[in-house]
Amino acid sequence: MSPVKRPRTAAERHARLEQILSLLDQRYPNATCALHHRNAWELLVATILSAQCTDERVNKVTPGLFRKYPTIEDFASVKQAELARDIHSTGFFNNKAKSIIGAAQTLLRDFGGEIPRDMDQLLKLPGAARKTANVVLGAAFGIPSGIVVDTHVARIAARLDLTKQTNPVKIENDLMKILPRSRWIAFSHQVIHFGREICTARKPKCGQCPLEPHCYSRDKVFV
Ligand code: SF4
């Protein structure tokens, strides 16, 4: 297989990025958030639960959780130990229970029980870092405040040489500089699907990868 040439000019880098985005659109035209939710509060809770846990596992836990605690008030008043038991299977249950209860109490005390549609305000909620806030703003409200950088986005941005950074906030900054704002929400959803299906952490399926002609990663695997 002939080596993939690296772009050398700004115009070549731009053209390569356009091709990557176009191929992601073709492969994942309707990619959306995989966490099941009916409103922004449920998405916030699901996103907190998804730390170090699969979306599949979270989706098994949340229906029963929202049946037991239908309102933000219910979450604000539950004992941490009880909520921790309810979310035990998602891991890190004590910290997650503390964050969810703290977020519910803060929402009721400072935001009239409404999820704020603003990054700085969302970051005031316990358990909500930039990634969580970006998920909620993007998937619940359609607001492109930033780009969700999870493990898939971080790995694939590096393999595609879209960043040299390893810190998620710095990766996000790099991606925000090169991607048009209109792409910020869809890009993360598409790349997360791509990371699960093809560009996996171990043994990426490079032989099936539509981006292969544009990828000069050293991690390529052809079987
Ligand atoms: S060619 Fe391989 S390493 Fe590169 S993006 Fe595709 S799956 Fe990932």
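This is a guided tour of the structure above, stop by stop.

The model is predicted: local features need pLDDT of at least 70, side-chain atom pairs count only at pLDDT 80 or more, and totals for chains, interfaces and linings use all residues. Residue numbers start from 1 along each chain as its sequence is written.

**The two domains.** Begin by colouring residues 10-30 and 147-214 as domain 1, and residues 40-141 as domain 2; these bounds come from an automatic or database domain assignment. The domain centres, taken over C-alpha atoms, lie 27 Å apart. Eight residues from domain 1 and five residues from domain 2 make the contact, where contact requires C-beta atoms, placed from the backbone, within 7 Å. On the domain 1 side, select helix 10 (residues 168-178), which contributes the most, with three residues. Helices here are DSSP runs (H or I, at least four residues), numbered from the N terminus. That side of domain 1 comprises six nonpolar, no polar and two charged residues. In this classification Ala, Val, Leu, Ile, Met, Phe, Trp, Tyr, Cys and Pro are nonpolar, Asp, Glu, Lys and Arg are charged, and the others, Gly among them, are polar.

**Helices 2 and 8.** Next, select residues 40-49 (helix 2) and 130-141 (helix 8), whose axes are 9 Å apart at an angle of about 145°. The axes are lines fitted to C-alpha atoms over the stretch in contact, and angles run from 0 to 180 degrees between N-to-C directions. Show Ala40, Leu43, Leu44, Thr47 and Ile48 of helix 2, which meet Thr132, Val135, Val136, Ala139, Ala140 and Phe141 of helix 8. This contact has nine nonpolar, two polar and no charged residues.

**His37.** Then move to the loop between helix 1 (10-27) and helix 2, where His37 is placed. His37 counts as buried because it has 21 C-beta neighbours inside 10 Å; the cut-offs are 20 or more for buried, 12 or fewer for exposed, and partly exposed in between. Beyond its neighbours within four places in sequence, His37 contacts Glu42, Leu43 and Ala46.

**Phe93.** Select helix 6 (residues 93-110), which includes Phe93. Phe93 has 19 C-beta neighbours inside 10 Å and is therefore partly exposed. Sequence neighbours within four places aside, Phe93 contacts Ala84, Ile87 and His88.

**The ligand.** Finally, display the 14 residues that surround the ligand, of which Cys199, Pro204, Cys206, Cys209 and Cys215 are the closest. A residue is included if its C-beta atom, placed from the backbone, lies within 6 Å. The shell has eight nonpolar, one polar and five charged residues.

Note on methods: Contact = placed C-beta atoms within 7 Å. Helix = DSSP H or I, 4+ residues; strand = E, 2+ residues; numbered from the N terminus.
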